[in-house]
Amino acid sequence: MIKIDILKTIKERRTIHSFKQQEVDQTLLKKIFTYGSYAPTHYMKEPWRIKIYQGKGKRDFVEAIIQSYQRMGMIKQNNDPKTEKMIASMTTFLLDIPHHALIYFELEDDPVRYEEEYAAVCAFIQNAQLAAWEFGVGMLWTITPYMHDKEFIKGIGLDETKVKIAAVMQIGYPEKIPRDKGRSPIEEKLEFILK
Ligand SMILES: Cc1cc2nc3c(=O)[nH]c(=O)nc-3n(C[C@H](O)[C@H](O)[C@H](O)COP(=O)(O)O)c2cc1C
């Protein structure tokens, strides 16, 4: 029996950078993203789409990431042992993460609609992060340069003219929970306009 306390969860959820070598059950992942889907969504568009890479399904995805970094010049394209070592360690690092959830949505030409869909997808992500925390599952929300690489998008089987990748969530059971960095007093950011 889980005790749900949303206010506590909002404050206690932490971004997780290191994960246990244990997969989250598919049923639980479905549950987590089902909670995500209760996010507000204009016209009930429910724009979020998710591809979860796990197990052997991570291999091509991780290779596509490395190739993208090479195209962008973040990793060299040569047979230098230093480059090979860097590729090997990055590959291991990414493969060790139990799940990578790529969150994307259909592009909209109208900028207002585009923002509505992107905003709804972000609300979906945060809902999912909070639900995950309730089940002891951690996430790291990432926005990385490869998400803008057309070759990468095509390489993973999506049409870059039709979809936008919003985020890649790294998911798993936390190995370590970082300390709470706290937040600035809201008074620093909030003003009441009374007249
Ligand atoms: C849109 C977005 C992108 C982020 N991208 C990264 C990232 O690429 N790498 C990273 O370490 N953290 C990333 N974060 C997580 C923030 O670093 C994290 O939320 C912040 O340090 C506060 O920590 P907390 O989530 O534990 O409260 C991202 C967060 C958001 C909302």
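**View A. Packing of helix 3 against helix 4 in the predicted model.** Helix 3, which spans residues 58-71, packs on helix 4, residues 81-96, at an angle of about 140 degrees, and the two axes lie 10 Å apart. Helix 3 is therefore oblique to helix 4, since an angle has to be over 145 degrees to count as roughly antiparallel. The crossing in which helix 3 passes helix 4 is right-handed. On the side of helix 3, the contact is made by Lys-58, Arg-59, Val-62, Ile-65, Ile-66, Tyr-69 and Gln-70, while helix 4 contributes Ile-87, Met-90, Thr-91, Leu-94 and Leu-95. Sorted by class, this contact between helix 3 and helix 4 holds 8 nonpolar residues, together with 2 polar and 2 charged ones.

**View B. Helix 2 crossing helix 5.** The pair shown here consists of helix 2, residues 26-36, and helix 5, residues 111-134, whose axes are 7 Å apart and which pack at an angle of about 135 degrees. Helix 2 and helix 5 are therefore oblique to each other, and their crossing is right-handed. From helix 2, the residues Ile-32, Phe-33, Tyr-35 and Gly-36 meet Phe-124, Asn-127, Ala-128, Ala-131 and Ala-132 of helix 5. By class, the contact of helix 2 with helix 5 comprises 7 nonpolar and 2 polar residues, with no charged residues.

**View D. Pairing of strand 3 with strand 4.** This view turns to one pair of strands within the sheet, strand 3 and strand 4, the latter formed by residues 163-172. The two strands run antiparallel and are joined by 5 bridges. Met-139 has Ile-171 of strand 4 as its bridge partner.

**View E. The annotated stretch of residues 10-173.** An unreviewed UniProt entry lists residues 10-173 under "domain: Nitroreductase", and the name used here comes from that record. Over residues 10-173, the chain of the predicted model is 45% helix and 18% strand.

Technical notes: Residues numbered from 1 in each chain as written. Predicted model: local features only at pLDDT ≥ 70, side-chain atom pairs only at ≥ 80, totals over all residues. Heavy atoms only, no water. Axes fitted to C-alpha atoms, helices over the stretch in contact; angles between N-to-C directions. Helix = DSSP H or I, 4+ residues; strand = E, 2+ residues; numbered from the N terminus. Parallel < 35°, antiparallel > 145°, perpendicular 65-115°, else oblique. Left-handed = near helix turned anticlockwise from the far one by under 90°. Contact = heavy atoms within 4.5 Å. Nonpolar A, V, L, I, M, F, W, Y, C, P; charged D, E, K, R; others polar. UniProt positions renumbered as here; feature names shortened; annotations may be inferred. Pairing = 2+ DSSP bridges.
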